[in-house]
Structure formats: C-alpha cells, structure tokens
Amino acid sequence: MKIKKLSNQDQEAVWQFLTKHVYSSMFLLSNIEKTGLKYTGELYSGEYWGAYDEAGELIGVLAQFWNGNLMTQAPDLSALEALTTHFCEVVNRPIAGMVGDGEQASFVLSKLNFPANAYNTNRSEGLYQLALEELQLTEKATSDQFTLIPTSEADTSLLFDWLKAYELEAFGGEVNEEHDKHITNRVTQMQKSGNAWILLDKEQPVALSGFNATLAEIVQVGPVWTPPEHRNNGYARAAVALTLDLVKKQGVRRSVLFTDNPAAAKAYEAIGFKQNGSFHLALLKEPVELSRVSA
C-alpha cells in the first residue's frame, strides 16, 4: 500500500472517491470545493494524504484542516491504519479533534490514544439521510404564522447569543474571551454564507436552521437550535423542513444530518429522515501536540 501527500493535481480522483461515500464525506467535499487540496492556513484549507492499493486506486483519504481537526474517508480499515500511522510520523500541527464516519473516527482516535479527560466532547451520533422528493411538510410548517428570514437580515446580537448557547450545549467548553471571539467569527461567516435562516412565529424569532456543508445536489443540516423557552412547539421541525423545501426548489436533491438527541431524531424522522450509519464528534479541550501524547 502506498501513502502520499495529495495536491490539487489529485483533486479529480479524490472527488470521485469521496462522492462514492458522500453522506459521511460532506465536510471533506465542501472544504475541497472551497479551497482545493492545498493547505494555506486559511479557512477551510487542509493537508490531505491518500492511500493507494497495489493497482494504484485511491482507497482512503485522511485530512487535517486549518483548525486542527482531522477527517477521514477510508472504509478499508487497513488503508485507514496505514494513513493513521503515516500521519503520526509527519504531523507538524496540533490536533484539535476529529469528526467523521463513526467507525473510522473511533479507530483513529484509538490509535491516537488521547486521555479521556482531554475531550470536551467525544461521542457517536446517528447519521440520517433524506431524498428531498420524500420530504414531508407538516400542516404546521406551512402555516401562515411562520416566516423564514436569512441570518443576514437577523439581529447580530441574537445570533451571537443563540450560537454561543448552541455550541456550549452541543460541544461543551468554557465561557471566555477566546470562545466569544470564535462565536463572533461564526456569526460573521454564517451571515455571509447565505446558508442559514431564522424561523419567525408571527414575527418572533423562535428557531435557527442552516447548512454546514453544501454541494450542488446535497446539503448537510446544521446547526439547528431552538432556545429552551421555545422548545416543545415543533419549531425545529418546521425550521428544518422549510429550509430544506427552500433549497429543494433550487435543485438540491438530498440531505444528511447527524444527531444523538432522541427528541431531535424524532422530529427529523417525522419529516422523512432515516438513520443509515453513525457520525463521530470528538473535540479536545485544547489542541494537542502529538509528540506530547507519545512522550
């Protein structure tokens, strides 16, 4: 098996490989579409390595992105082991965490062997998919009481408060100046992206829904947030359904999301999502130099 550092010359082959596993490769594909395979240190850019079999076919990809997070797509675990071993030998930036296919991420993390108390979150979630032709809009979702507005038209302080609460609930962490700076940057990115909306119930903001990775024909849902005081009213279900219906009319054909929240899963299943796999989220409290762990 051959492992090599990938470059933009490999982009077509990488794209073809990843699209065969599109539901668990959305972050990888979306980032490649934005920045290619060249690492610049800028938002979404990453370093990529590929595993090739004896026939020269690409059978696995491992990447470390600008923020330190790792992602993989290597259903062949022998390829994933070779990629992980090679990465550990050449890594020169701190690791911040890992997201991706549940089995693959668990395998890599077992090799990296970070202590359990190093993580803010380390969990597997259900991976759900939906062909948008099967999207089910409830009567409530199509009620005249609801309006969607893009986040570019929403109150920035409201978005800051909602995203901060969402991240602390979903990923843990500490409230500090650095985290606030991160949330401010996320709000700016969200408002520029055009991929997130606020649901209004008779002009009152009640829920947030967006896409954290997008391709021409498929979108990945996230974040989805309903403030505690507005929960148990079907707002998240309506927000997700309406945003998916919006992009369906623009030609998007499929959607994917991941969650470990039983109430959220029930809401997603009600509009047509079905579980097919798992997705792992592992975020460290602080980026870790791999040499420190080895030592």
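Biologist: In this predicted model, what is the volume of the second largest pocket?

Modeller: The pocket is lined by Ala-13, Gln-16, Phe-17, Lys-20, Tyr-52, Gly-56, Glu-57 and Leu-58. By class, this lining has four nonpolar, two polar and two charged residues. The volume of the second largest pocket is about 160 Å³.

Biologist: Which element supplies the largest share of the lining of the second largest pocket?

Modeller: The lining residues include Ala-13, Gln-16 and Phe-17. The largest share amounts to three residues, and the element that supplies it is helix 1 (residues 11-19).

Biologist: How much space lies in the largest cavity?

Modeller: The structure holds one cavity of 30 Å³ or more. Its lining consists of Ser-24, Ser-25, Leu-28, Met-71, Thr-72, Val-99, Gly-100 and Phe-279. The space in the largest cavity is about 30 Å³.

Biologist: How many charged residues does the lining of the largest cavity have?

Modeller: Strand 4 (69-73) and strand 5 (95-101) each supply at least two residues of this lining. Its make-up by class is four nonpolar and four polar residues, and the number of charged residues is none.

Biologist: Is Gln-64 buried or exposed?

Modeller: Gln-64 lies in strand 3 (residues 58-65). Beyond residues up to four places away in sequence, Gln-64 touches Gly-46, Glu-47, Trp-49, Asn-69, Leu-70, Phe-87, Val-91, Arg-93, Pro-94 and Ile-95. Because its relative accessibility is 1%, Gln-64 counts as buried.

Biologist: Which residue has the backbone oxygen that the side chain of Gln-64 reaches at 2.9 Å?

Modeller: The side chain of Gln-64 reaches the backbone oxygen of Gly-68 at 3.4 Å. The backbone oxygen reached at 2.9 Å is that of Pro-94.

Biologist: Is Phe-107 buried or exposed?

Modeller: Phe-107 is found in helix 4 (residues 102-112). Apart from neighbours within four places in sequence, Phe-107 is in contact with Leu-77, Leu-80 and Glu-81. Residues under 20% relative accessible area are classed as buried. The value for Phe-107 is 18%, so Phe-107 counts as buried.

Biologist: Why do the buried residues of helix 8 lie on the same side of the helix?

Modeller: In helix 8 (residues 262-270), the buried residues are Ala-264, Ala-265, Ala-267 and Tyr-268. They lie on the same side of helix 8 because the arc they cover around the axis is only 160°.

Biologist: Which exposed residues does the opposite face of helix 8, turned away from its buried side, carry?

Modeller: The cover over the buried residues of helix 8 includes strand 6 (119-131), strand 10 (218-225), helix 7 (235-248) and strand 11 (254-259). The face turned away from the buried side carries the exposed residues Pro-262, Ala-263 and Lys-266.

Biologist: Which residue has a side-chain oxygen that reaches the backbone nitrogen of Ala-263?

Modeller: At the other end, just after helix 8, Gly-272 takes a positive phi of about 120°. At the start of helix 8, the backbone nitrogen of Ala-263 is reached to within 2.9 Å by a side-chain oxygen of Asn-261.

Biologist: What is omega for the cis peptide bond that joins Gly-222 and Pro-223?

Modeller: Pro-223 has its place in strand 10, one of the elements covering the buried residues of helix 8. The bond joining Gly-222 and Pro-223 is cis, with omega at about -5°.

Biologist: What is the relative accessible area of Lys-202?

Modeller: Lys-202 lies in the loop between strand 8 (196-201) and strand 9 (204-214). Its phi is near 50°, a positive value in a residue other than glycine. Lys-202 is exposed, with a relative accessible area of 66%.

Biologist: What is the phi of Glu-203?

Modeller: Glu-203 is likewise found in the loop between strand 8 and strand 9. Glu-203 is exposed, at a relative accessible area of 64%. Although Glu-203 is not a glycine, its phi is positive, at about 80°.

Methods: Residues numbered from 1 in each chain as written. Predicted model: local features only at pLDDT ≥ 70, side-chain atom pairs only at ≥ 80, totals over all residues. Heavy atoms only, no water. Helix = DSSP H or I, 4+ residues; strand = E, 2+ residues; numbered from the N terminus. Buried < 20%, exposed > 50% of the residue type's maximum accessible area, 1.4 Å probe, protein only. Contact = heavy atoms within 4.5 Å. 1 Å grid on protein atoms, 1.4 Å probe; cavity = no way out; pocket = protein on both sides within 12 Å on 5 of 7 lines; lining within 4 Å. Points joined across faces, edges and corners; volume = space filled by probe spheres on them. Nonpolar A, V, L, I, M, F, W, Y, C, P; charged D, E, K, R; others polar. Polar contact = N/O pair within 3.5 Å; in protein donor to acceptor, adjacent residues only side chain to side chain. Arc of directions from axis to C-beta.
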